[in-house]
Amino acid sequence: LAVIVTVLLASPFSEVYGQRSAAFVRPTSEMTALPGDEVYIPGVPLISQHPEMPNGCELVATTMLLQYAGVAATQFDIAKVVNKTPGLSGTAGHLSGGDPYLGFVGNPTGQSGVGVYVQPLLDMIESYLPGQGIDLSGSSFDLLLQTVASGRPVVLWTTLDFTAPHS
């Protein structure tokens with residue numbers, strides 16, 4: 001079983017760090033479609049992030065992936081294990097605080113939670129499933145589609161409405 005963690009869209013932290021966490025990939029008509037209209041991967045649990053973890057979508061998605069792989073952990077267990085950094089503070093254009101490349105920024109169960117990038121999640125996955133975390137950051141959208149079509153679930157960062165992020 002390969003556990004896949006994928007980052008495809010630009011960072012919501014670009015205001016703070018001035019860079020994107022991975023290449024922005026936008027689906028186009030030129031991309032290869034999945035075989036059939038949908039792919040269903042049996043056994044992947046559906047866990048809602050609301051109301052307990054309003055800012056912990058990455059942690060909840062990773063919990064779903066880990067439970068699929070047979071790890072008996074809840075999203076609260078994952079939130080305790082993942083590395084953490086302080087929340088952001090300041091005003092628009094002058095934010096400072098934690099680094100999502102190093103750990104979860106803020107509190108996923110409260111209003112101060114912002115998020116986390118791939119490496120802290122891969123480190124956490126490694127602690128549960130040694131050697132099974134794979135980072136597909138910067139890969140083609142076709143590879144993502146092929147990965148899902150092959151029956152391997154992914155964790156994917158995207159904007160809330162699937163539009164290009166603002167930088």
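This section describes the fold, the nonpolar core, a helix pair and some individual residues of a predicted model.

The chain comprises 5 helices and 7 strands. Read from the N terminus, its elements follow the order β-α-α-α-β-β-β-β-α-β-α-β. Of the 167 residues in the chain, 38% are buried. Among contacts with a separation of 6 or more, 60% involve residues 24 or more positions apart.

In soluble globular proteins, nonpolar side chains tend to be buried together. In the present model, the largest nonpolar core has 23 residues. The members that touch the most other members are Leu 59, Leu 66, Ile 78, Val 82, Leu 121 and Trp 157. At least two residues of this core come from each of helix H2 (57-68), helix H3 (75-81), helix H4 (118-128) and strand E7 (154-157). With residues up to four places away in sequence left out, Leu 66 is in contact with Val 71, Ile 78, Ile 125, Tyr 128 and Leu 129.

Two packed helices are described by the angle between their axes and the distance between the axes. For H2 and H4, the angle is about 30 degrees and the axes are 12 Å apart. H2 is therefore roughly parallel to H4, because angles under 35 degrees are counted in that class. The crossing of H2 past H4 is right-handed. On the H2 side, the residues that meet H4 are Glu 58, Leu 59, Thr 62 and Leu 66. Their counterparts in H4 are Leu 121, Met 124, Ile 125 and Tyr 128.

One of the H2 residues in this packing is Thr 62. Its relative accessibility is 0%, so Thr 62 counts as buried. Apart from residues up to four places away in sequence, Thr 62 touches Leu 121, Met 124 and Ile 125, and also Val 155. Val 155 belongs to strand E7. This valine is likewise buried, as its relative accessible area is 2%. In sequence, Val 155 and Thr 62 are 93 residues apart, while their C-alpha atoms are 6.4 Å apart in space.

A search of the whole structure for aromatic pairs returns 1 pair. A pair of aromatic rings is described by the distance of the centres and the angle of the planes. The rings are those of Tyr 101 and Tyr 117, with centres 4.6 Å apart. Their planes stand at 70 degrees, so the pair is classed as edge-to-face; the cut-off for this class is over 60 degrees. Tyr 101 is placed in the loop between strand E4 (94-96) and strand E5 (104-105), and Tyr 117 in the loop between E5 and H4. The pair therefore ties together parts that are 16 residues apart in sequence. Tyr 117, with a relative accessible area of 3%, is buried.

A cis peptide bond links His 50 to Pro 51, with omega near 0 degrees. Pro 51 is located in the loop between helix H1 (14-17) and H2.

Note on methods
Residues numbered from 1 in each chain as written. Predicted model: local features only at pLDDT ≥ 70, side-chain atom pairs only at ≥ 80, totals over all residues. Heavy atoms only, no water. Core = buried A, V, L, I, M, F, W, Y, C linked by side-chain atoms within 4.5 Å. Buried < 20%, exposed > 50% of the residue type's maximum accessible area, 1.4 Å probe, protein only. Helix = DSSP H or I, 4+ residues; strand = E, 2+ residues; numbered from the N terminus. Contact = heavy atoms within 4.5 Å. Phe/Tyr/Trp six-rings, centres within 6.5 Å; stacked < 30°, edge-to-face > 60°. Axes fitted to C-alpha atoms, helices over the stretch in contact; angles between N-to-C directions. Parallel < 35°, antiparallel > 145°, perpendicular 65-115°, else oblique. Left-handed = near helix turned anticlockwise from the far one by under 90°.
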